[in-house]
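Please look through this model with the points below beside it. They are grouped by residue and by element.

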Amino acid sequence: MPSLTLLGQSVLSGILVGGLYGLLGMGLSLSWGLLRLINLAHFALAFLGAYLTYALASGFGLDPLLTLLLIPPAFFALGVLLQMLFARFGVTEFSSLLVTFGLTVIIESLIQWIWTADYRRLETVYSAVSLRAGGLFIPLAELLALATAVVLAGFTWTWLRFTWVGKAIRASAEDPLMAAAFGVNHRRLALVLSGIAAAYAGVAGAFVALVYTLAPAQIYAWIGVVFAAVIIGGLGNPLGPLVAGIVIGVSEALTMALTTPAWAPLVSFTLLILVLLLRPDRV
């Protein structure tokens, strides 16, 4: 039986990695739930953001957190451009799965062409520091990722619930024709929302670079667990992926502590299957 310290450290590690799951899933949940687009390229954008953070920090000596002033705004413009192309060519919810998978492969090839398939590790002061609470250690980079996920999720939830733009976006997602009858410009709001989702991918990428060693093929390693967090958390709900991500992260960490690491990947998919069986209306 593991010690209480090991179990406590496992729960803490699960909460921290769950914050990163939530951060990665937030933009995907918004585009899937409110734009009806299953944007697999969201993961590729996150890793492109991670590699750009690595390049700016290691090549130009820029603080990784300061890259958040550059990369998310650029990704916002990229998200707007993607939405314009999706609207121009009438991409539907189903076809978006195929189109964005193609984009994912293109972005992965671009990353591999520029940075090669070699592993890249960003060494910064954030990744070297751990705080201590009793007998538990809290890695600073992962704590910053969790704090950023909480702030962004809370801000986005408040924006969608209490602002005119947020209410218009939700109304358009529910009934575009009725919303248009009340003067809501669905196309313009979709551009804004797509830009925000892409910007969130850039934010997530910065923290992926801080916490993990980078390799282009890792794009696909995150898809399953983040998809599970998005579906369990509820489409279009910015708080959902964060809460579900923490539940999955803690479950995985406790599974690794109590059994073997090989069982951990089964946790997210088991939870996903249970949710789909008990609540099929979530997709």
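1. Ground rules. Two strands pair if DSSP finds at least two bridges between them. Helices (H or I, at least four residues) and strands (E, at least two) are DSSP runs, numbered from the N terminus. This is a predicted model: local features need pLDDT of at least 70, side-chain atom pairs count only at pLDDT 80 or more, and totals for chains, interfaces and linings use all residues. Residues are numbered from 1 along each chain as its sequence is written, and side-chain values use heavy atoms, with hydrogens and water left out.

2. The hairpin. Strand E1 (residues 130-133) and strand E2 (residues 136-139) run antiparallel, joined by 4 bridges. Leu-131 faces Ile-138 of E2 across the pair. The hairpin has 2 residues between its strands, and Gly-134 takes a positive phi near 65 degrees there.

3. Most residues other than glycine have a negative phi. Two residues here deserve a look on that score. Arg-36 is not a glycine, yet its phi is positive, at about 60 degrees. Arg-36 sits in the loop between helix H1 (4-35) and helix H2 (41-60). Its relative accessibility is 38%, so Arg-36 counts as partly exposed; that class lies between buried (under 20% relative accessible area) and exposed (over 50%), with a 1.4 Å probe and protein chains only. Thr-116 has a positive phi as well, near 65 degrees. Thr-116 belongs to the loop between H4 and helix H5 (125-128). Thr-116 is partly exposed, because its relative accessibility is 32%.

4. A salt bridge needs a side-chain nitrogen of Lys or Arg within 4 Å of a carboxyl oxygen of Asp or Glu. The side chain of Glu-108 does make a polar contact of 2.7 Å with the side chain of Tyr-220. (A polar contact is a pair of N or O atoms within 3.5 Å; within protein, one must be able to donate a hydrogen and the other to accept it, and residues adjacent in sequence count only if both atoms are side-chain atoms.) Beyond four places in sequence, Glu-108 is in contact (heavy atoms within 4.5 Å) with Pro-216, Ala-217, Ile-219 and Tyr-220.

5. The salt bridge count. By the rule above, the count comes to 1 salt bridge. The side chains of Arg-121 and Glu-123 meet in a salt bridge at 3.8 Å, N to O. Arg-121 is partly exposed, at 33% relative accessibility. Glu-123 is exposed, at 61%.

6. The nonpolar core. A nonpolar core is a set of buried Ala, Val, Leu, Ile, Met, Phe, Trp, Tyr and Cys residues joined through side-chain atoms within 4.5 Å. The largest one has 82 residues; Leu-23, Phe-43, Ile-111, Leu-214, Trp-222 and Phe-227 touch the most other members. Helix H9 (residues 186-211) gives the largest share of this core, 14 residues. Outside four places in sequence, the contacts of Leu-23 include Ala-145, Leu-152, Tyr-200 and Phe-207.

7. Thr-53 lies in helix H2. Its relative accessible area is 0%, so Thr-53 is buried. Leaving out neighbours within four places in sequence, Thr-53 is in contact with Pro-64, Thr-67, Ile-71, Leu-122, Ala-206 and Ala-209. Ala-41 is also placed in helix H2. Ala-41 is buried, with a relative accessible area of 1%. Not counting residues up to four places away, Ala-41 touches Thr-100, Leu-103 and Thr-104. Ala-41 and Ala-201 are 160 residues apart in sequence, but 9.7 Å apart in space, C-alpha to C-alpha.

8. Two distances to check. Ile-114, in helix H4, is partly exposed at 45% relative accessibility. Arg-187, in helix H9, is exposed at 62% relative accessibility. Arg-187 and Pro-176 are 11 residues apart along the chain, and their C-alpha atoms are separated by 10.0 Å.
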